[in-house]
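Thanks for coming, everyone. Let me put the model up, and then we'll walk through a helix pair and a single side chain.

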Amino acid sequence: MAYEQAAISCLRWDNIEASLLDFEAWFSLVPARDPMDQTSPPLSETDADHFQDLRRVLFASPSTRLPVILLFGLLSATKGYIQPVVNETLPVLIRYAPANVGICWLRAVEQGILQSSAATPYFSDTLNHFRDLSIKVCCQAGWLSHAMTIMTTNSQIQLSTSTRMLLYNALRDAGRIKDLSMLDRQVRLSNPWRSRMTIPSSDLKPTSLPPSISSYPKASYPTYCLVSRPEVAAEVRYINHQLRGSNNVDAANVTVFLSRLHEVGGTLRIIQLLRGRALVAGPICSVPWLKGEIMHHFNRRNYLEVLKLYLTHFNNEAQLPSPFSDALRAIATRYQFAPLTALSNYSISERWMVLKAIIRLMPKLPEPLATLRLLYDTYRLEKASHKEAYNVRSALIIAFGECGAPDDAVRVLKDSGRAPYLKEVETLAGVLAHAGREEKTLALLRYAESGKMKMKLVDGRVMHIPASLLMYERVIRGFVKAGLLKPALEAETMMKNNLSLDFSRSKGHHGIIEALRALEIQDTQK
């Protein structure tokens, strides 16, 4: 597109203000997208690839070109060219933009998207989708007040499950109890299988490490539950009634319910009772119940229960590559799984949970490395979905690391080609750190920091993604486990310099930093 090339030619990085004026003048000449050309909601488009050259120039150095990137994102949205520009801009916004700039940009882009999609049949879906994305961005960047503003000023907003849980966790870690209660009331009114959250108790004070050692406050996170035992008991009776009547059951609701049951100390006997009811009611109840229960155990990393339920109730090994079936039988023999009546005509569409569970249990078996190599050599030839590969390949990297074979873990990443999955990179960084590969770990971290590294997301989209908080945390945790203080402190410094986030309320982050401070204290006492 001629106007795109003209806009690129006017960019002068030694004078950002002049570049902004010239860029806006040229880009304003780009014709708006015809709303009738859109055959799907614009924020859901996966095959759009507008302005390739311009995106490559701007995102090559996002920290120094942020003003132009934000202007580009706004103008593109206004003209209807929403994806992939929005998805590529959001990580940059989270990492580099101050709160006031980021919030103003989200508001302006929402207006631009409304303007460009008003004449399309996807207007309502697009509006809800972008507000959902905005709340997710606010949670990741720590702009919780704006997230709650979006919630309170848009009473009809329908949040995705992942965004709602992200918001719950962010509010919980920030101690915003009134906001949590407001969210919980909304969900209670809409669904008897309602999501609940655990929130920090505000009447217990955190203690601090000596200031000479730590610049982070050490927080204590005692909790109480908004969900009570009587409420869960009522839900047990409700679900039992549903199962007795052979009413259709949703697997996702089963997973949420079992999480709440665990939260209030519910016993295994209750789960077994309800599972028995589901099995008696027939496949309309038993299949979704078992899938939901498998997901519950998977989320809790109880991989033995995942495989036990899969093998004893589904027993559909045909959907697994042959070496994985052999490994599953070896695990079943070692842990003495009791055979039960199988639902042999049914399979789990999310087989990646089973594959990942097998891989994660392999290091506990005799001579695991040879088996893991066989599993990997078999799996790399499989035609897997992006979601499956995203989870299984990272599990292989972790397992190789646990077997003391970091070179095999590196091979998994190299075999992914020029754009490995984001989760592979984050996982490998932690494995290399734990293995004591200081130079390789820090080199990988710096390359990711540069924003030049192409990585695939869980849906297969390829983006230039800068180093994330999770990557820094895994590197620091790995170095601490290896007893390497100096590179751990260097990674912490890199994290502070490159991420403009508020770490003070994150419970998981505190655990990692506390372990680092403990290692620092040990070093001073030598």
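Quick definition before we start: a crossing is left-handed if the near helix is turned anticlockwise from the far one by less than a right angle, and right-handed if clockwise. Helices here are DSSP runs (H or I, at least four residues), numbered from the N terminus.

Now, this is a predicted model, where local features need pLDDT of at least 70, side-chain atom pairs count only at pLDDT 80 or more, and totals for chains, interfaces and linings use all residues. Residues are numbered from 1 along each chain as its sequence is written, and side-chain values use heavy atoms, with hydrogens and water left out.

On pLDDT, the predictor's confidence in each residue from 0 to 100, the protein chain averages 80, and 83% of the residues score at least 70. Residues 192-226 fall below 50. Where pLDDT is low, the predicted coordinates should not be read in detail.

So, the helix pair. H15 (residues 303-314) packs with H17 (residues 351-361) at about 130°, axes 9 Å apart. The crossing of H15 and H17 is left-handed. Who makes the contact, meaning heavy atoms within 4.5 Å? From H15, it's Tyr-303, Leu-304, Val-306, Leu-307 and Tyr-310; from H17, Met-353, Val-354, Lys-356, Ala-357, Ile-358, Arg-360 and Leu-361.

Last stop: Glu-263, in helix H12 (residues 251-263). Glu-263 is partly exposed, at 24% relative accessible area (between buried, under 20%, and exposed, over 50%, with a 1.4 Å probe, protein chains only). Its C-alpha sits 9.2 Å from that of Arg-229, 34 residues away along the chain.

Key: Contact means heavy atoms within 4.5 Å. Axes are lines fitted to C-alpha atoms, for helices over the stretch in contact, and angles run from 0 to 180 degrees between N-to-C directions. Helices (H or I, at least four residues) and strands (E, at least two) are DSSP runs, numbered from the N terminus.
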